[in-house]
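Hi,

Here's the structure I said I'd pass on.

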Amino acid sequence: MSACSLLVAGGRWRCFPVPLRSSLFQVLHNSCCRKKSTAPKKIIPNAAICDENTKEPGNALDKLFSSEQQASILHVLNTASNKELETFRLLRGRKSVNIIEHREKFGPFQNLESLMNVPLFQYKTTIQICNSILCPETGGKKRKFQDNRLLRKLIKPEIERGRLKAVNSIVSIVFGTRRIAWAHMDRKLAVLDWQQNECCQLMKGTYLSSVYLQEISSVISKMPKADFYVLEKIGLSIQNSSRFPVVLHFHIMEAMLYALLNTTFAQDGQHRVLSMNRNGVGKHFELMIGDTRTSGKELVKQFLSESVLKEEPRVVFPTEKVVHYRQMFSSTEQQRAEELYDSLLQAVAFYELAVFDTEP
């Protein structure tokens, strides 16, 4: 076998001299290497792995639109009043106010990239706003249908959009097994009042209606007039029999609050009490882990800090009440007073999702 070698060819063994064997292997080797070297390489641009919410470097925004489109967008942003800006869905609420205030402080916007300096403006959101200014009617009917469907899942009973858009103030109410908390907030996301009441006697004994009536009436007597009273809706299942006492308590609370609030504050025959889905609020603030909602304490703590440290905070705590609310927050940190925190978060979510109809 020194002078020849066996090689499989077409399923048969054949014998070749050593020089021929070497040349065949060299040809095969070269062919394989050539195929490997000439194979096209897949090129992945750096932009493809960037987070779409990350602020892009340079003048990335300006490059997305022609000079004529940029001029049209900047003309609207530099000349429109607050009411005119709010005709664009994505600019309703705090964003339009921020544009006006930034314009007054720093002068007209010179380019689209300068919009990134306005509070609440992120890269992806800014692109959507620019597109909505250029084509305000595009996809309007489809978007309106989707918005209405999402709103019906978030808030019950169904309410006219005109009434929601005209809201000036709300009282957000969250109740648990031991306390009722409420936050009074206006459309500027300014906290007008924020309280909680201990109701430790409600689940003791046999759910006496007279006790519920007395406790809830006492809390309602402290609440101010508002356009709407928003109750937290908790979707607890009664399949687990151990939860039945808690579920029964929540149903009694919700029914009594709904009846007493409407009786106390109803005007012109229009109901003013709404229920808001708890998990919907949790998703808005990214507090959900699977189907479980985590504590909103740290987020509320952040809002309180920003109200002092930031010129344009997301939630406004009046200067004369900041110290009081911070002391109240500190005194409840050891008590797991989730109802207090959730009442504030629910109020913010109500405005941003149902009234302003936009993301923060």
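Predicted model: local features only at pLDDT ≥ 70, side-chain atom pairs only at ≥ 80, totals over all residues.

Let's start with helix 9, residues 209-220. Its twelve residues reach 16 Å from the first C-alpha to the last, close to the 16 Å expected. Which of its residues are buried? They are Tyr 212, Ile 216, Val 219 and Ile 220. Looking down the axis of helix 9, you'd see these buried residues fall within an arc of 95°, so they line one face of the helix. The general rule behind this is that an α-helix has 3.6 residues a turn, so residues three or four places apart point the same way. The buried residues of helix 9 pack against strand 5, strand 6 and helix 10, while Ser 210 and Gln 214 are exposed on the face turned away from the buried side.

Next, find Asp 186 in strand 5. Asp 186 is buried but has no salt bridge: Lys 188, the nearest side chain of opposite charge, is 6.3 Å away. The backbone nitrogen of Lys 188, though, lies 3.0 Å from a polar atom of the Asp 186 side chain. Among the residues in contact with Asp 186 are Asn 168 and Tyr 351.

Now the backbone. Most residues other than glycine have a negative phi, and most peptide bonds are trans. Here, Lys 156 and Pro 157 are joined by a cis peptide bond, with omega about -10°. Leu 120 has a positive phi, near 80°, and is partly exposed. Glu 286 also has a positive phi, about 55°, and is exposed at 75% relative accessibility.

Cheers

Conventions. Residues numbered from 1 in each chain as written. Heavy atoms only, no water. Helix = DSSP H or I, 4+ residues; strand = E, 2+ residues; numbered from the N terminus. Expected span 1.5 Å × (residues − 1). Buried < 20%, exposed > 50% of the residue type's maximum accessible area, 1.4 Å probe, protein only. Arc of directions from axis to C-beta. Contact = heavy atoms within 4.5 Å. Lys, Arg positive; Asp, Glu negative; His and termini not counted. Salt bridge = Lys/Arg side-chain N within 4 Å of Asp/Glu carboxyl O. Polar contact = N/O pair within 3.5 Å; in protein donor to acceptor, adjacent residues only side chain to side chain.
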